[in-house]
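Hi,

Here is the structure I said I would pass on. Have a look at it first, and then read on for what turned up.

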Amino acid sequence: MKRLSRKMLLVFPLLALAACASTASQAPRATAPTDTTLRKPTAAVASAPMPAEDVTKYRFVFPAPKALTTATAPLPKTTVAPTNQVNAPVEQRLRDQAYTNQNVKYTQGYRILVYLGLERDQVMAIRRNIIGRYPDETDYITFKSPVYRLYIGDYLTKLDAARGLARLRGLTPKLELEATQVLLNKNP
């Protein structure tokens with residue numbers, strides 16, 4: 001009896017699925033891809049009627065370029081002497097801005113954090129190693145009890161800082177870029 005009821009429970013879903021499958025739309029059949037190669041028009045294609053809507057009236061027509069004749073020679077070039085375009089107030093503002101820029105010593109830039117730790121001897125050894133190899137680099141050691149930090153360089157752009165980071169790679173186990181205020185180098 002239990003088997004019969006199980007079979008009956010299975011028959012109804014199967015009948016429902018069969019009914020749905022017979023009424024479902026057919027899946028699209030695979031067709032051969034359309035031929036997109038360029039062929040010379042045959043007589044049948046050439047005489048094919050044009051579409052009902054003519055779009056030629058909407059196309060823009062460009063005028064034909066004028067033909068250059070050898071009789072017209074190009075005009076000679078004349079040079080115009082430049083005139084003084086900067087007046088006195090503008091010149092004064094430029095001088096003021098230049099004076100202000102001379103007093104700027106710091107800007108936003110990047111430094112490389114080379115060491116962050118508790119040991120003074122280790123930070124000094126890393127500093128000596130880097131300065132020995134790259135003497136033109138500036139170094140900054142900061143101490144906030146009990147942590148020592150060693151920064152290298154004053155880079156204005158992130159690209160320059162990344163180049164400096166690539167040079168120092170391998171000298172220390174961990175390097176990091178930090179955005180900070182850096183000293184402008186006024187010496188050319």
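Let me start with Tyr148: its relative accessibility is 14%, so it counts as buried, the cut-off being under 20%. Keep in mind throughout that this is a predicted model.

Tyr148 has a ring partner, Phe143. Their centres are 4.5 Å apart and the planes sit at 40 degrees, so this pair is tilted. Phe143 itself is partly exposed, with 46% relative accessible area. Searching the whole structure gives two aromatic pairs. In the other one, Phe60 and Phe62, the ring centres are 4.9 Å apart and the planes make an angle of 75 degrees, so that pair is edge-to-face. Both Phe60 and Phe62 are exposed.

Rings also turn up with charges over them. Arg111 lies over the face of Tyr140, 3.8 Å from the ring centre. Over the ring of Tyr134 you will find the charged end of Arg167, at 4.9 Å from the centre.

Now for the inside. The largest nonpolar core has 16 residues, and those touching the most other members are Ile112, Val114, Ile130, Leu150 and Leu168. Two or more residues each come from β1 (106-117), α4 (120-133), β3 (147-155) and α5 (158-168), with β3 giving the most, four residues.

α5 is worth a look of its own. Which of its residues are buried? They are Ala161, Gly164, Leu165 and Leu168. These cover an arc of only 105 degrees around the axis, so they are on the same side of α5. The buried residues of α5 pack against β1, α4, β3 and β4 (176-183), while Leu159 and Arg163 are exposed on the face turned away from the buried side. After α5 comes Gly170, with a positive phi near 100 degrees.

Last, a glutamate in a loop. Glu137 lies between α4 and β2 (139-144). Is it buried or exposed? Glu137 has 10% relative accessibility, so it counts as buried. Its side chain makes a polar contact of 3.1 Å with that of Tyr155. Setting aside residues up to four places away in sequence, Glu137 also touches Ile131, Ile152, Gly153 and Arg167, among others.

Cheers

Terms used:
Residues are numbered from 1 along each chain as its sequence is written. This is a predicted model: local features need pLDDT of at least 70, side-chain atom pairs count only at pLDDT 80 or more; totals for chains, interfaces and linings use all residues. Side-chain values use heavy atoms; hydrogens and water are left out. A nonpolar core is a set of buried Ala, Val, Leu, Ile, Met, Phe, Trp, Tyr and Cys residues joined through side-chain atoms within 4.5 Å. Buried means under 20% relative accessible area, exposed over 50%, partly exposed in between (1.4 Å probe, protein chains only). A polar contact is a pair of N or O atoms within 3.5 Å; within protein, one must be able to donate a hydrogen and the other to accept it, and residues adjacent in sequence count only if both atoms are side-chain atoms. Contact means heavy atoms within 4.5 Å. The arc is that of the directions from the helix axis to the C-beta atoms. Rings of Phe, Tyr and Trp (its six-membered ring) pair if their centres lie within 6.5 Å; planes under 30 degrees apart count as stacked, over 60 as edge-to-face and the rest as tilted. A charge sits over a ring if NZ of Lys or CZ of Arg is within 6 Å of the ring centre and within 35 degrees of the ring normal.
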